[in-house]
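Here is a friendly briefing to read alongside the model. Please keep the structure open as you go through the points.

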Amino acid sequence: VGLDPILKWAGGKERELPIIVENMPKEFDRYYEPFVGGGAVCMAVSARESLVNDKSEELISLYRAIQEQNNRVFKLIEEISASWQEMIKFAESDRALYEGYLNFRTGLFDESKMTSTVRRFIDANFERLFDLLPRNIPRDKKMYLGELNRNVQQKILRMRKIEKEKGNMPEGDVVDNIVTGFAGALYMYYRNLYNAGNGDGKTPLSTALFVFIRNYAYSGMFRYNGKGEFNVPYGGIGYNHKSLSKKLAYYQSPALSNKFSNVVIECLDFYDFMKKHPPSTRDFIFLDPPYDTEFSTYAKNQFGKEDQVRLAKYLINECKGKWMMIIKNTPYIYSLYDGRGLNIRSFDKKYQVSFMNRNSRDVTHLIITNY
């Protein structure tokens with residue numbers, strides 16, 4: 001029975017698993033995955049030994065933490081998760097801001113009275129809110145206070161704007177929005193810590209923050225600005241009651257430990273990885289490289305056209321193993337593999353596989369194999 005992916009990952013292949021498994025060689029010795037990402041395919045495939053690789057240091061640090069059963073990482077994830085649950089509980093149980101919001105809605109409070117009400121409420125409860133932060137992580141009062149004020153105020157003002165346009169929300173929705181302001185503040189606090197040099201995958205804290213942010217960032221997106229800072233906002237109301245406890249239990253499960261006992265983990269360029277562990281004709285390589293787009297940033301690692309060329313050259317000219325690639329169809333990608341004696345098929349959103357026809361240029365994905 002296949003295991004779940006390690007993380008939600010952009011372009012993850014959970015949905016395509018039936019096609020991938022169906023089109024794999026029936027037998028092989030070792031399984032390779034040079035761009036492992038969230039691990040959907042690797043976790044679903046059984047092999048005598050698996051060799052996985054990714055250029056994202058923070059991702060590979062998580063794979064290694066699972067392999068080593070690193071209790072320092074797991075304890076930090078648990079403490080961050082507990083702080084999250086406590087924040088939600090606090091924000092849901094105190095009705096003072098809800099009452100203040102009703103005064104804002106009816107015009108008893110203007111905008112400045114509402115924002116000062118928020119500030120006073122946060123000041124009055126700040127020690128309690130500060131105590132929610134785990135002892136084992138950096139605790140910065142000024143930054144935390146700033147995020148609380150900014151996020152709760154913005155949420156309340158935005159909610160009033162929406163109500164003016166669309167009519168008043170029911171009580172439950174108002175409470176949920178206020179709770180989301182507090183949740184967003186805690187998310188931003190952890191995001192700031194991650195960006196303040198804790199996002200390199202080199203410490204247990206950076207790995208724990210990476211797991212937290214991956215699960216609570218909007219749509220599971222991972223995107224960086226020009227300074228290399230992670231800049232995706234909090235996922236919003238639907239994420240308030242998410243919990244990391246299931247994920248953590250999975251990372252510590254005997255089934256996953258058992259799987260990782262036969263996995264070689266590397267953090268290299270794909271070519272260096274394949275040269276370090278050359279596959280034989282009895283091995284199988286699954287490839288899900290970053291797509292050919294202008295915006296193809298693979299976590300912080302660019303994967304451009306030259307890299308696509310290097311990959312195609314390696315696969316066509318050097319690779320001894322059987323390999324399968326799933327990749328978005330673009331004229332450029334198609335030109336790299338067409339006419340090289342490979343098996344190129346396409347599949348659409350309904351996952352119907354057919355041989356690539358020169359006229360079917362509108363297909364979304366290609367399955368390319370050398371067998």
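Predicted model: local features only at pLDDT ≥ 70, side-chain atom pairs only at ≥ 80, totals over all residues.

Residues are numbered from 1 along each chain as its sequence is written, and side-chain values use heavy atoms, with hydrogens and water left out.

**The whole chain**

- The chain has 15 helices and 10 strands; helices (H or I, at least four residues) and strands (E, at least two) are DSSP runs, numbered from the N terminus.
- Taken along the principal axes, the C-alpha atoms fill a box of roughly 75 × 50 × 40 Å.
- Of the 371 residues in the chain, 54% are buried; buried stands for under 20% relative accessible area, exposed for over 50%, and partly exposed for what lies in between (1.4 Å probe, protein chains only).
- Taking contacts between residues at least 6 apart in sequence, 70% join residues at least 24 apart, where contact means heavy atoms within 4.5 Å.

**Helix pairs**

- Two packed helices are described by the angle between their axes and the distance between the axes. Here the axes are lines fitted to C-alpha atoms, for helices over the stretch in contact, with angles from 0 to 180 degrees between N-to-C directions.
- Helix α5 (residues 96-106) and helix α8 (residues 141-166) have axes that come within 11 Å and cross at roughly 40 degrees. That makes α5 oblique to α8; angles under 35 degrees count as roughly parallel, over 145 as roughly antiparallel, 65 to 115 as roughly perpendicular and the rest as oblique.
- The α5 and α8 crossing is right-handed. A crossing is right-handed if the near helix is turned clockwise from the far one by less than a right angle, and left-handed if anticlockwise.
- On the α5 side, the contact with α8 is made by Leu 97, Tyr 101, Phe 104 and Arg 105; on the α8 side, by Val 152, Ile 156, Leu 157, Met 159, Arg 160 and Glu 163.
- By class, this contact of α5 with α8 has seven nonpolar, no polar and three charged residues. Ala, Val, Leu, Ile, Met, Phe, Trp, Tyr, Cys and Pro count as nonpolar, Asp, Glu, Lys and Arg as charged, and the others, Gly among them, as polar.
- Helix α6 (residues 111-124) also meets α8: their axes come within 10 Å and cross at roughly 140 degrees, in a right-handed crossing.
- Residues of α6 in this contact include Met 114, Val 118 and Ile 122, and those of α8 include Leu 148, Val 152 and Ile 156. The contact of α6 with α8 divides into eight nonpolar, three polar and three charged residues.
- The axes of α4 and helix α10 (residues 204-216) come within 8 Å and cross at roughly 45 degrees; the two helices are therefore oblique to each other, and their crossing is right-handed.
- Among the residues that meet there are Leu 76, Ile 80 and Trp 84 in α4 and Leu 205, Leu 209 and Phe 212 in α10. By class, the contact of α4 with α10 has 12 nonpolar, one polar and one charged residues.

- Leu 97 lies in helix α5 and counts as buried, at 2% relative accessibility. Leaving aside neighbours within four places in sequence, Leu 97 is in contact with Met 114, Thr 117, Val 118, Phe 121, Val 152, Ile 178 and Phe 182.
- Asn 23 sits in helix α1 (residues 17-23) and is buried at 12% relative accessibility. A polar atom of the Asn 23 side chain lies 2.7 Å from the backbone oxygen of Ile 19.
- Lys 75 is found in helix α4 (residues 71-93) and is partly exposed, with a relative accessible area of 43%. Lys 75 and Leu 248 are 173 residues apart in sequence and 9.4 Å apart in space, C-alpha to C-alpha.

- Asn 53 is in strand β2 and is buried at 0% relative accessibility. Leaving aside neighbours within four places in sequence, the contacts of Asn 53 include Glu 33, Phe 35, Ile 60, Cys 267 and Phe 273.
- Ser 56 is in the loop between β2 (49-53) and α3 (57-68) and is buried, with a relative accessible area of 2%. The Ser 56 side chain reaches the backbone nitrogen of Leu 59 at 3.2 Å.

Methods: Polar contact = N/O pair within 3.5 Å; in protein donor to acceptor, adjacent residues only side chain to side chain.
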